[in-house]
Structures are given as C-alpha cells and as structure tokens.
Amino acid sequence: MTATQEQATAAASGANATERFKTDKLGALADTPPERVSLLAREVLEAVHSTIRRHKVTYDEYNALKAWLIQVGEDGEWPLFLDVWVEHVVEEVATEHRQGNKGTIEGPYYVPNAPERGSHGAVPMRADEPGTPLTWSGQVRSTDGSVLAGATVELWHADAEGFYSQFAPGLPEWNLRGTFTTDAEGRFEIRTIRPAPYQIPTDGACGKLIAAAGWHAWRPAHLHVKVSAPGHELLTAQLYFPGDEHNDDDIASAVKPELVLAPQPAPDGHGDVVEYDFVLDPERA
Ligand code: DHB
Ligand code: FE
C-alpha cells in the first residue's frame, strides 16, 4: 500500500466532503415554502411506512437502521451517501429539458477556483504523476451551433490510484484539478492522466451498508467537468472510458452512453488522445 492508501480513511474524506458542502453550497440555498416541505416530507415518510408494512420490519432492523443513520452523521458521510444513491435522480429531473449535452452527478469532491491553465495546457500534477497520459481536445458550442469563445471548462478527477486531492491526504492541494478557458474558436486542449476506477470509502457507514447488503463499492474511472459560458446553463458532467467493467454497474448510477469517451493511442506514442465536445443550452427566459 502507498502512503496515500494507508492514510486515506472514510472519516477523513467524509469529514472533508461535509465541510466543503457547508462552505460552498449552504449559503446559496433558497428557502423552500412550507407547503412544499410538508408535501415532500410526507411522501418520503409514507414510502418508508409502506416499506415497513410490506416487509414487516422488526425492532432489531429498526434499531440497526437507527444506529447506522447515527454513524453516517458521525463519519461525515451524508454527502457521500446522498451523492451515490440519490443525486442521479435529482440530476435527471433538473436537466430533462436540455437539448444540448447530457450531464450527470457532481459527486462530493468538486472544489471551485482550481488553477487557471488557459485554453491549451496541463492540469496541475506531480512531476512523476503515475498513470497513462491523456490529451483531450474539444470545442464548446451553443445548441444553435455557434462557437462559445471564453467558455470555462473545470476539470477534476482522481489519480491513478483513485484518490482525489483535498480529500485524501498526502497529495498536492490542486493535484489533477484545473480551470481552462476556450480560445476564439471555442476550443481547448487539456493534458492530464487517465484516472483509476474509484472505490467509495469502505471503512465508514456507507461501506458498512455495502458490506451488509453484499453490494460492491466501485465507480468506473471518470473525469469530472463543469462547463459554463455567459447566458448558458451550467453543465456538470463526467466522462467515462470504454470497456470499464463498472460502466454497467456504477454504484452511483451516473454513467450514460453519451458520456463514454473513445480514446485512441497517441500518434507520438505518448499515452492516449481523445476528442470530446460540449453543447450548452442557452438559459431559459
Ligand atoms: C462519490 C465519489 C465520486 O468520485 C463520485 O463521482 C460520486 C460519488 C462518493 O464517494 O460518494
Ligand atoms: Fe468522482
């Protein structure tokens, strides 16, 4: 095991994800009207009640659930739990009107304001960063076909061992996190490495659920992106690699066929090259 693997614990990445969420998202929440809160809370509780009746849930099972819910909070794993098992449906509903690019879940490990690298450049990485080099070129357009110059492409992903900087210890702060801006033709070119498949932390409450249910903890290898341009809806997506054994059974249910890349060996023999473009939807009036 590497130093990162030895030190990376669910408690650490869970607590970091919880703090990140509180810092970045909580201040910006709109108030939900009481009628809406009442409707949603009632329907969720009714779904729980009907599951209990249908399966005759026992007191032992009820208390096991109570203990587990307490542990999710103590481990700081609510962001992980929700992003793995719930967010994909919220994303589906939020983007069903779109004509442009398919998106998918954000997950718990986005950090804003990653270092800027212009239109063509490498993400911040270690001098000896392990992993197959990947050069990704693309273009950002609007749904009417017009080219979007000055669009922002934020990229973040795990390293070749499946670890995210700022959530697993021992990695440089901005490792494999960068912000790119499209050129006059809406184009960008990003040099990075291919990430490894990612196992959600198994030593905390979410891991306990996975083990108790006999599930697996894997997400396929993926690149995370946020693509934005003035007057357009923000696109949050992930890009996957063909042939990954977990593309068909992603624990976070976030893979869509439109998001699978088609990398080719680089002509210069240096890793892989891939092209992938984005089409953004104009903001709705
Ligand atoms: C989780 C991790 C990810 O990298 C991701 O994309 C989605 C979810 C998680 O650990 O919950
Ligand atoms: Fe991820």
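**Exercise 1. Find the angle and the axis distance at which helix 4 and helix 7 pack, then sort the residues that meet there by class.**

Step 1. Start with the geometry: helix 4 (residues 59-74) packs against helix 7 at an angle of about 140°, and their axes are 8 Å apart. Keep in mind that this is a predicted model.

Step 2. Now look at who meets whom. From helix 4 come W68, Q71 and V72, and they meet A205, C206, K208 and L209 in helix 7.

Step 3. Sort them by class. The contact of helix 4 with helix 7 has 5 nonpolar residues, 1 polar and 1 charged.

**Exercise 2. Work out how helix 5 and helix 7 are oriented to each other, and which residues make their contact.**

Step 1. Helix 5 covers residues 78-85 and helix 7 covers residues 205-213. The two pack at an angle of about 45°, with 9 Å between their axes.

Step 2. Angles of 65 to 115 degrees would count as roughly perpendicular, and those under 35 degrees as roughly parallel. Helix 5 and helix 7 are therefore oblique to each other.

Step 3. On the helix 5 side, the contact is made by L80, F81 and W85; on the helix 7 side, by C206, L209 and I210.

Step 4. Check the classes: this contact of helix 5 with helix 7 has 6 nonpolar residues, no polar and no charged ones.

**Exercise 3. Describe the two domains that UniProt places on the chain, using their helix and strand content.**

Step 1. An unreviewed UniProt entry puts "Catechol dioxygenase N-terminal" at residues 35-101. That span is 79% helix and 0% strand, and its end C-alpha atoms lie 34 Å apart.

Step 2. UniProt, again in an unreviewed entry, places "Intradiol ring-cleavage dioxygenases" at residues 105-282. Here you get 5% helix and 32% strand, with the end C-alpha atoms 20 Å apart.

**Exercise 4. Classify the aromatic pair Y164 and Y198, and say which parts it ties together.**

Step 1. The ring centres are 5.5 Å apart and the planes are at 75°. Planes over 60 degrees apart count as edge-to-face, and that is what this pair is.

Step 2. Y164 sits in the loop between strand 3 (152-157) and strand 4, while Y198 is in strand 6 (residues 198-199), so the pair ties together parts 34 residues apart in sequence.

Methods: Residues are numbered from 1 along each chain as its sequence is written. Chains are lettered from A and ligands numbered from 1 in the order in which they are written. This is a predicted model: local features need pLDDT of at least 70, side-chain atom pairs count only at pLDDT 80 or more; totals for chains, interfaces and linings use all residues. Side-chain values use heavy atoms; hydrogens and water are left out. Axes are lines fitted to C-alpha atoms, for helices over the stretch in contact, and angles run from 0 to 180 degrees between N-to-C directions. Helices (H or I, at least four residues) and strands (E, at least two) are DSSP runs, numbered from the N terminus. Angles under 35 degrees count as roughly parallel, over 145 as roughly antiparallel, 65 to 115 as roughly perpendicular and the rest as oblique. Contact means heavy atoms within 4.5 Å. Ala, Val, Leu, Ile, Met, Phe, Trp, Tyr, Cys and Pro count as nonpolar, Asp, Glu, Lys and Arg as charged, and the others, Gly among them, as polar. UniProt positions are given in the numbering used here, feature names are shortened, and annotations may be inferred rather than shown by experiment. Rings of Phe, Tyr and Trp (its six-membered ring) pair if their centres lie within 6.5 Å; planes under 30 degrees apart count as stacked, over 60 as edge-to-face and the rest as tilted.
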